[in-house]
Each structure stands twice: as C-alpha cells, then as structure tokens.
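These are my notebook entries on one structure. I set down what I looked up, entry by entry.

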Amino acid sequence: MANYEPIMPCAYGALDPKVSLEPDFFTGFQPERRAEIVAEEAKFYHGLTQPYSVDGELEKFYTSFRTSDGSQIPLKVYRPKAAADPRPVVMFFHGGGFMTCSVETHDYVPSYLAAKAGVVCVSVEYRLSPEHKFPTGLEDCYAACKYVAEQAGALGADPSHMVVCGDSSGGNFSAAITLLARDRGDLTLWKQVLIYPATELAGLVERQSAKVYAPVGGQSEGPSPMLMAYLHGLEETKNPLVSPMLAEDFCGLPPALLIEAECDSLVDDGLIYAKLLQDAGVPVECEIYRGMPHAFILRTYEETFAALDRICAFLRD
C-alpha cells in the first residue's frame, strides 16, 4: 500500500458561525421522492444565487446525445455571449451522492465559470442510482466528454482544452474519468478540478477528518445507504473507478486543482489524493477554505466566491 499522507496540514477547525446547514436536502434522502426533493433544492439554490446572477453574460441551452445502450442523456450548455474563437470546455458533473441533485441544483457553478473564466461549460444530467448503479453514471459522463469533443465546433469549444470538474461524487467521477481517459487513450484532457471529491470509498485509509466531522449524509458507522445504493456490492469499493485513491498509478494524469472545505469529513480524501498526484509528477494546486462545510460551493459565502474565482484563475492559466 502507498504511504497515504496529505499534501498539506489541515487544522480541522470549527464551522464558521455564519454557515447555515439548513435546509438539509441530503440526510434521509428517499429515491422515490427524488423529483420532488430535487425540484425544491433547485428552487432554493436558484433563489439563493439570483442576486449574483451572471445569466446576462451567457447563452444557455439544452442538447442531448444517445449512449451506446440507446439512453438519451441531457446536457446543459453555458457559453459566453462574447465568445468568438473556440474556448476551453469544462465538463461539469454535479454532486449528490450518486443518487440525487441535477444540472439545475448546481446551475450557478457552471454559470459562474463560463461567465467569469470565459469558457464553455457543459453540465451532464447523468443517470442516477439506485436505478442505475456503478458504472452507469460514470460511463454517461465519460460518453458526454467524448460527444462534446466530437461536437466541439458546433459548441464553440476547443476539444484540445477539455477540463473535467465536479463536486463531491461529481469530483469522484472527474478523478475516475482522468484514469479512464489515460488508460483507454480515446479522450484528451487538459486539466481537472476536484471540488471536495470523494476519492476512497472502501474505508481502507485512515482519515482524521472522518473522525472529526460527521460523514456526508449523517451516517456515522458502516457503509452509507447512498454508497450501498450506488454499488452492486461492497467489493466494488476497491475498484479505482469507485475509489480513485486506490489506483496503482497516477502518472500521466492532467494538472489538478483541488478545492477543499475544512469542516468536511471528505477533506482528507482530497488532501491525500492531491499528494498522490503530486508524488506521481502531476502538477497540483490545492486550497482549503477554513470554516467551510461540505457543499459550500453551492452557497453564497465570501469563501464560495473566492473558491469559484480560484477555479476561474486555474482555467485561464
């Protein structure tokens, strides 16, 4: 086994007093109520970010493609109105524990990146568990990357500058896609942005953050219901496409930016993964946002905009 060390120390401090963890759409999530819950969540986040809207700078539209099994996968495209020459393209994969959320709950993140970094963003409405277990959602996202690379001209995108980006389980997908792209050799990725990613779901690596902070979803012992819903069995947690931290080789992966929340049970997932990438010669940048909880990228704190601006700088570099 590798020597699992974080890329930088974390203080594991207290939650910033300004932070609200309500409403909580995650704990006790019921798949049979997904449409209702996700609609409520999208309404809440649209309302929260409306005063900071960047929609006037963007063209937004839906398109879709068919997977090899014939399923139709919607894509939401965000393109700067001022765009002329082909722009870098950011493939965005929303979080939600593999089984909830949507392109609409996470609408503001790709909106902001497209407007402020001047890139084309494509948000993927991949299929969710438990109806569609591993690797369906991951393969949907990979297929979306290939589709966008093929259709780049029509989208005003530069396929040689493709970035994968996602938060939490979407960060898990992003990390796994870099491994797939390298090993399959049929997709070229320029950069990766991992926002508090889940990188080790097998529970084989000791992480201080998991002891200090309650895990995402409030589960304190044993595998979470969301993890069980995503996988066919716990043995799959050892698959590097489920737990990228357990990959044997990280060489040849694209430069990475990791955005971490200090008060998050997953913070060590990102810090350890960043160190593994760095040790393999991958250029890595990493930021920890003090006092912030998991999912802070969806709020409107000063730290939220600092993190979004940090991503934009990475995309423009």
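**Backbone exceptions**

I began with Cys 101, which lies in the loop between strand 3 (87–93) and helix 2. Helices (H or I, at least four residues) and strands (E, at least two) are taken here as DSSP runs, numbered from the N terminus. I note that this is a predicted model, in which local features need pLDDT of at least 70, side-chain atom pairs count only at pLDDT 80 or more, and totals for chains, interfaces and linings use all residues. Residues are numbered from 1 along each chain as its sequence is written, and side-chain values use heavy atoms, with hydrogens and water left out.

I looked up the backbone of Cys 101 and found a positive phi near 70° in a residue other than glycine. Cys 101 counts as buried because its relative accessibility is 7%; buried means under 20% relative accessible area, exposed over 50%, and partly exposed in between (1.4 Å probe, protein chains only).

I then turned to Ser 168, in the loop between strand 5 (157–167) and helix 5. Ser 168 is not a glycine, yet its phi is positive, at about 60°. With a relative accessible area of 9%, Ser 168 is buried.

I recorded the background for these entries: most residues other than glycine have a negative phi, and most peptide bonds are trans.

Which peptide bond is cis, with omega near -5°? I found that it runs from Glu 22 to Pro 23. Pro 23 belongs to the segment before helix 1 (34–49). Phe 134 and Pro 135 are also joined by a cis peptide bond, with omega about 5°. Pro 135 sits in the loop between strand 4 (120–124) and helix 3.

I checked how far helix 2 (residues 108–117) is covered, and nine of its ten residues are buried. Among them are Tyr 108, Val 109, Pro 110 and Tyr 112. Gly 118 follows helix 2 and has a positive phi near 70°.

I next took up helix 8 (residues 267–279), where 13 residues at 1.5 Å each should span 18 Å; the end C-alpha atoms are 19 Å apart, which agrees. The expected span is 1.5 Å times one less than the number of residues in the helix. Eleven of the 13 residues of helix 8 are buried, so the rest of the structure largely encloses it. The buried residues of helix 8 include Val 267, Asp 268, Asp 269 and Lys 275. Their cover includes helix 5, strand 6 (191–195), helix 6 (208–212), strand 7 (256–263) and strand 8. Just after helix 8, Gly 281 has a positive phi of about 90°.

**Helix 3 against helix 5**

How do the axes of helix 3 and helix 5 cross, and at what angle? I found that the axes of helix 3 (residues 136–150) and helix 5 (residues 169–184) come within 10 Å and cross at roughly 65°. Axes are lines fitted to C-alpha atoms, for helices over the stretch in contact, and angles run from 0 to 180 degrees between N-to-C directions. On the helix 3 side, the contact (heavy atoms within 4.5 Å) includes Gly 137, Leu 138 and Cys 141, and on the helix 5 side it includes Phe 173, Ile 177 and Arg 184.

**Nonpolar cores**

I looked up the nonpolar cores, each a set of buried Ala, Val, Leu, Ile, Met, Phe, Trp, Tyr and Cys residues joined through side-chain atoms within 4.5 Å. The largest has 63 residues, of which Met 91, Phe 93, Val 124, Leu 138, Val 148 and Ile 177 touch the most other members. A second, separate core of 37 residues includes Val 54, Tyr 78, Val 109 and Ile 195.

Is Arg 290 buried or exposed? Its relative accessibility is 64%, so Arg 290 counts as exposed. Beyond four places in sequence, Arg 290 is in contact with Glu 262 and Glu 303.

Met 292 is also placed in strand 8. Met 292 is buried, with a relative accessible area of 0%. Not counting residues up to four places away in sequence, Met 292 touches residues including Leu 15, Val 19, Glu 262, Tyr 301 and Glu 303.
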